[in-house]
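Open your viewer and colour the model by chain. We will go from one selection to the next, with a short note on what is there.

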Amino acid sequence: MTETARYRLLIAVLAMVVALLFVLSLTVGPAEVAPLQGLSALFADDDSLIGLVMREIRLPRAILGLMIGATLGLSGAALQGYLRNPLAEPGLIGVSASASLGAVIAIYTGLSALMPLALPLMALAGALCAVLVVRLMAGADARPLSVILAGVAVSTFAGAMTSLALNLSPNPFAAMEIMFWMLGSLTDRSMIHVWLAAPFMVFGWLMLASLGRALDALTLGHETAASMGVDMRRVQRLAVIGTAASVGAATAVAGAIGFVGLIVPHLLRPLVGARPSRLLLASALGGATLLLAADILVRVVAPGRDLKLGVLTAVVGAPFFLVLVLRARRQMA
Amino acid sequence: MISGWCRRFLVAGLLWAASPAGISAAETPRRVVSMNVCTDQMAMLLADKGQLYSVSYLAADASTSALADDAKRYVLNHGLAEEIFLMKPDLVIAGTYTTRTTVDLLKRLGFVVEEFAPEVSIAEVRTNLRRMGKILGRQQRADALVAAMDAEIARLQAMNLSEVELALYYANGFTFGSGTLVADIVGIAGLENLAERLGISGTGKLSLEALVLARPDLIAVDASPDRGPALARQTFDHPAFRAISAGHRSVQLDSRYTICGGPFTLIAAGILQQAAMTLGGVKPDMGKR
Amino acid sequence: MSRLAVSNLAASLGGNRVLKDIALDVGPGEFVGLIGPNGAGKSTLLRACLGLVPSSGDILIDGQDLRRMAPQDLARHVSYVAQDRDIAWPITVEALVDLGRQPHRGAFARPTEGDRAAVEAALERMDIIALRARRATDLSGGEKARVLIARALAQQAGLLLADEPVAGLDPAHQLALMQVFRDLARHGTSVVASMHDLGLAARWCDRLVLLEGGRIVADGPPATVLTADLLRRVYGIEAYVTETGGGLVVQPTRLAQTKNEQQN
């Protein structure tokens with residue numbers, strides 16, 4: 001089988017898995033609704049309670065799971081390609097934490113109540129700052145270690161500022177909500193969140209998806225890529241704004257969910273012949289797969305406990321990260 | 001050995017400095033400091049004039065305390081050992097969940113600390129009120145308060161409501177099942193508690209989905225806007241919640257009446273009963289009258 | 001028309017003037033060797049000709065102003081082999097060489113017959129057909145170098161700029177690569193390659209450009225550039241230089257005596 005045929009097969013399989021998990025996600029929830037009854041209520045044009053649950057609670061949750069997973073997978077693949085660094089990921093380089101900070105400021109100052117768009121916009125602004133700082137710190141050669149170290153600094157700072165903002169809030173519940181912002185959850189999200197975040201995510205996706213060729217060329221380094229007709233300033237703009245818009249919007253409605261952007265591209269890279277351009281679509285689908293599965297798992301494993309998504313992704317992701325670091329160390333030696 | 005001896009020596013020195021009047025639990029305390037929002041309110045209700053010196057800052061916060069206005073007459077503390085130490089109280093009252101390290105330190109320093117567990121039933125509210133009365137040397141006042149409470153409970157229970165199922169739906173989907181003060185109040189008000197039907201005991205989670213499908217007759221929430229924005233409030237803006245709480249089917253039940261036990265707790269029962277009676281006109285049944 | 005016409009070129013890196021007053025003209029089919037000691041500005045000159053470092057002065061590529069050319073258009077006129085052989089991802093050799101076709105393709109276009117033919121030709125020319133399915137990151141240094149040059153060849157630009165292309169290659173592959181460059185030049189492609197091996201430069205290049213301290217100090221046929229006198233002055237070496245039937249032979253023998261030593 002040629003590499004291209006294998007790639008197409010992979011995309012088809014991933015797409016089917018995503019579709020399957022999407023439907024499965026609709027049938028899982030704390031309320032006991034028979035799967036078929038629930039799915040038919042989704043399309044029935046009545047105001048039954050089951051229809052209400054399906055349309056207003058489960059559907060937005062499944063849609064957000066799919067879109068946010070795709071965002072994290074895609075942005076992870078794009079960042080890795082752009083920074084030429086297998087450890088780059090929105091969570092690890094501090095983009096998610098900074099987006100959380102932006103969202104927290106928007107919500108707890110009451111700004112988002114006055115102007116709903118302030119929520120994704122502030123999260124986007126936070127994410128943008130993080131990408132720019134990390135880009136700056138990484139330098140032209142973007143050594144893996146300096147990127148991660150810059151990310152640690154950005155994450156820690158943003159996390160501290162987030163908890164400060166929550167501590168200062170007059171609302172006694174605010175301090176408890178730090179968990180949501182640091183670990184992420186899709187519990188009881190609504191269509192309002194979908195409409196708020198989706199346009200930004202799609203906008204970011206389009207920007208990141210257009211990077212394919214440039215990322216391929218970047219395999220050979222910045223200068224060679226530039227000599228091959230890649231406009232590096234345009235690439236920088238697309239990568240930075242695309243990541244900020246999609247991850248910012250995702251984080252604004254679901255909190256910071258780590259490691260998806262690290263695990264997914266890494267697992268899929270061998271399956272797409274390591275080509276950064278092919279990794280983009282595959283990682284978007286892979287991210288959606290992973291997040292939908294994680295969100296189903298948190299509801300099945302610990303119903304009624306509102307387990308945070310970031311807990312699950314970290315359980316899988318952290319060992320993964322360590323293995324990658326080990327491998328990077330061996331390469332350097 | 002040496003460290004233990006040293007500590008005793010230090011404690012003795014500090015004690016001498018801290019309590020010129022000497023400490024005697026047997027005497028009626030004259031300078032009382034309360035460190036917990038629940039003991040604060042009981043102490044405020046019971047203490048003699050000038051007996052209570054300081055209450056916690058939460059007692060003055062209208063979102064957590066039913067007696068916030070009263071609390072402004074006292075010095076406010078933040079439950080810090082250093083702060084309490086300098087107040088030189090002859091009695092410290094704390095909740096069993098009050099910052100443990102602070103309470104331990106105060107005890108080591110020789111202060112008399114009385115601890116109160118949070119009440120999980122009206123019966124425990126009675127017990128705690130009487131105990132507080134005894135500690136403060138105000139038994140008569142305590143007995144009077146308990147008697148007034150019992151009279152109010154009898155009045156509330158005399159109302160004969162037809163079956164109204166109530167869902168307690170607090171921030172982040174918390175609800176109160178059997179074995180909680182709030183569930184006791186719901187019973188006194190004569191309402192059915194959805195959480196108990198769903199088998200939730202203690203403080204538990206009620207998912208929005210389960211709430212929608214259970215279709216309670218009435219939903220009690222604390223959605224007061226004056227606490228500042230938080231995600232917890234967003235639940236009340238959820239389209240699914242709005243759909244089932246439309247009309248008169250939700251009632252605002254301020255947490256300050258339910259966080260702590262006391263005579264004011266019955267205000268919550270009254271609010272719930274009122275809301276149940278105004279439900280849709282058909283549901284309430286005013287009894288034989 | 002010249003492939004590359006540079007005049008009055010100056011460039012600074014980090015506040016240091018690394019190129020001064022450069023004038024250089026490369027015609028079609030010329031194979032130019034860029035020589036000079038470390039830090040003379042060879043790499044910077046090559047990169048300036050691609051617009052990779054900020055510079056002042058005029059750079060014309062096939063008669064067009066470099067700075068006004070769209071990146072993709074420029075890439076169809078000039079290809080570049082960087083000194084750095086770092087390959088970020090384990091893509092196959094074939095996929096890597098195919099990257100050279102990017103400037104000729106639309107954003108989402110599939111490879112054409114022409115693209116495939118160019119890739120095949122490049123693989124064959126660099127003698128790496130056997131490696132085509134291998135992961136580029138698994139190759140030896142010499143193999144990587146050949147693969148990366150094949151990538152540039154697949155770009156099929158009229159001008160090829162190569163930074164130290166023979167560094168790290170064994171003698172056989174060094175000679176083979178020189179032969180490739182010669183063949184390219186014979187078919188009209190202009191090649192400018194920086195190199196340290198004066199022997200190779202002397203035998204294979206049409207013309208040598210000698211840089212010192214950011215200036216061109218000599219420019220002409222090997223025999224006029226590689227004089228014992230210039231080598232002593234610029235490199236500080238004594239070299240055995242002789243004309244043989246097969247071409248010029250240059251063999252550095254020892255360090256030249258410094259002025260101090262001469263005085264003693």
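**First stop: a helix and its surroundings**

Select helix 13 of chain B, then show what covers its buried residues: the list includes helix 6 (122-136), helix 7 (139-158), strand 6 (165-168), helix 8 (181-188), strand 10 (218-221) and strand 11 (250-252) of chain B. Helices (H or I, at least four residues) and strands (E, at least two) are DSSP runs, numbered from the N terminus. Among the buried residues of helix 13 of chain B are Leu266(B), Leu272(B) and Gln273(B); buried means that 20 or more other C-beta atoms, placed from the backbone, lie within 10 Å of the residue's own.

A note on what you are viewing: this is a predicted model, in which local features need pLDDT of at least 70 and side-chain atom pairs count only at pLDDT 80 or more, while totals for chains, interfaces and linings use all residues. Residues are numbered from 1 along each chain as its sequence is written, and chains are lettered from A and ligands numbered from 1 in the order in which they are written.

**Next: where chain B meets chain A**

Now select the 22 residues of chain B that are in contact with 25 residues of chain A (contact: C-beta atoms, placed from the backbone, within 7 Å). Helix 10 of chain B gives the most to this side, with five residues.

Chain C holds an open sheet of four strands in the order 2-1-4-5, with antiparallel pairing (strands pair if DSSP finds at least two bridges between them). Strand 2 (16-26) and strand 5 (64-65) of chain C are at the edges, each with a single partner strand, so one side of each has no neighbour in the sheet. Finish by finding Ala5(C), opposite Leu60(C) in strand 4 of chain C.

Methods. Buried ≥ 20, exposed ≤ 12 C-beta atoms within 10 Å, placed from the backbone. Contact = placed C-beta atoms within 7 Å.
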